[in-house]
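The following note sets out several points for the attention of a colleague working with these coordinates.

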Amino acid sequence: MLKKMSSGDRIFTLINSTILLVIAFLMIYPLIYVLSASLSAPVHIASGNIWLLPKDFTLDSYKTVFENKNILIGYRNTIMYTILGTAINLVASVMIAYPLSRKDFYGRGIITVIILFTMFFSGGMIPTYLLIQDLGMLDTIWAMIIPGAVSVYNVIIMRTFFQGIPDELREAAVMDGCSNLKFLGKIVLPLSMPILAVMGLFYGVGHWNAYFDALIYLSDSHKFPLQLFLRQMLIQEDLSGMANMGGEALSDSILKVEGLKYAVVVIASLPMLILYPFLQKYFIKGVMIGSLKG
């Protein structure tokens, strides 16, 4: 039987619920606004008449984006970079984090210090570019994947999670003749699905939104990711609008850019927004366990 709430508890619950609803609205409203703006006539966007629902519903902005043949090329490349890059990220992070979580691993303290050093200090953009050039990775897909193959921050979180797995499991597995590699594959990784899902989401979002590395390392447009094509499209439309602007009135090209910007945001963000609900339960559990267990 549930205990009856006191008046103080009811007030506390009401205040908390109100605050959470306000926070939820502040987070959800920008998403709704961007979607509505992308489906509205550009003149309403420029005049600031859109608050919640689309006005003069139109798909012209999306048609303009998808009429560009490079968009499909960008989607293909970004999906490839995201899947391949995330797989390499997870494998490399597990290979580093798991040994560092083992108390019987000799030299793990020194190795951890060396890894942490790279988290705070780096060679900079020019030395990194020269290194990529010397390795022969310029204008290849590996330039988009290898330089960021491991995130030290994510490795530390994953190591903390692995440290929470009881040593008794490993001792029992060793008594049954289980090797270290088999113990990792058969016991540790199945128990680590929450943290793997979280790290996969972190790495995946990073690869999906990446454009700066492509801007520096890639010259072949057939290897460009989606974000770089969208960036080029916006720049071209902005320049076209500036060239066509006359007097104090906004030209049709500038109005077109207003709707195009929001359509680009939706197209670039939608896949990750669709993926997140499927990983939400693992995401919450993984973040909490990885942050609280020490």
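1. Does Asp104 count as partly exposed, or as buried, and at what relative accessibility? The model under review is a predicted one. In this model Asp104 has a relative accessibility of 49% and therefore counts as partly exposed.

2. The side chain of Arg170 forms a salt bridge with that of Asp104, at 3.8 Å from N to O. Arg170 belongs to helix H8 (residues 167–175), whereas Asp104 sits in the loop between helix H4 (70–101) and helix H5 (108–120), so this pair ties together parts of the chain that are 66 residues apart in sequence. A cut-off of 4 Å between side-chain nitrogen and carboxyl oxygen applies here, and the reader may wish to set the value of 3.8 Å for Arg170 and Asp104 beside it.

3. The count of salt bridges comes to three. Another of them pairs Lys223 with Asp220, with 3.2 Å between N and O. Lys223 is partly exposed, with a relative accessible area of 24%. Asp220 also counts as partly exposed, at 26% relative accessibility. Through shared partners, salt bridges join Arg102, Asp104 and Arg170 into one network.

4. Leaving aside residues up to four places away in sequence, Val188 touches Tyr98, Phe162, Ile165 and Phe183. Between the C-alpha atoms of Val188 and Arg170 the separation is 9.1 Å, and the two residues are 18 places apart along the chain.

5. The lining comprises 25 residues, of which Ala143, Ile146, Pro147, Gly148 and Asp213 are the closest to the centre of the pocket. At least two lining residues each come from helix H6 (125–134), helix H10 (193–209) and helix H11 (212–217).

6. What is the make-up of the lining of the largest pocket by class? There are 17 nonpolar residues, seven polar residues and one charged residue.

7. Some totals complete the description. The secondary structure of the protein chain consists of 13 helices and zero strands. Of the 294 residues in the chain, 35% are buried. When contacts between residues at least 6 apart in sequence are considered, 70% join residues at least 24 apart. The accessible surface of the chain is about 18,100 Å², and carbon and sulfur atoms account for 69% of that area.

Technical notes
Residues numbered from 1 in each chain as written. Predicted model: local features only at pLDDT ≥ 70, side-chain atom pairs only at ≥ 80, totals over all residues. Heavy atoms only, no water. 1 Å grid on protein atoms, 1.4 Å probe; cavity = no way out; pocket = protein on both sides within 12 Å on 5 of 7 lines; lining within 4 Å. Helix = DSSP H or I, 4+ residues; strand = E, 2+ residues; numbered from the N terminus. Nonpolar A, V, L, I, M, F, W, Y, C, P; charged D, E, K, R; others polar. Buried < 20%, exposed > 50% of the residue type's maximum accessible area, 1.4 Å probe, protein only. Contact = heavy atoms within 4.5 Å. Areas by Shrake-Rupley, 256 points an atom, 1.4 Å probe, with all protein chains shown as cover.
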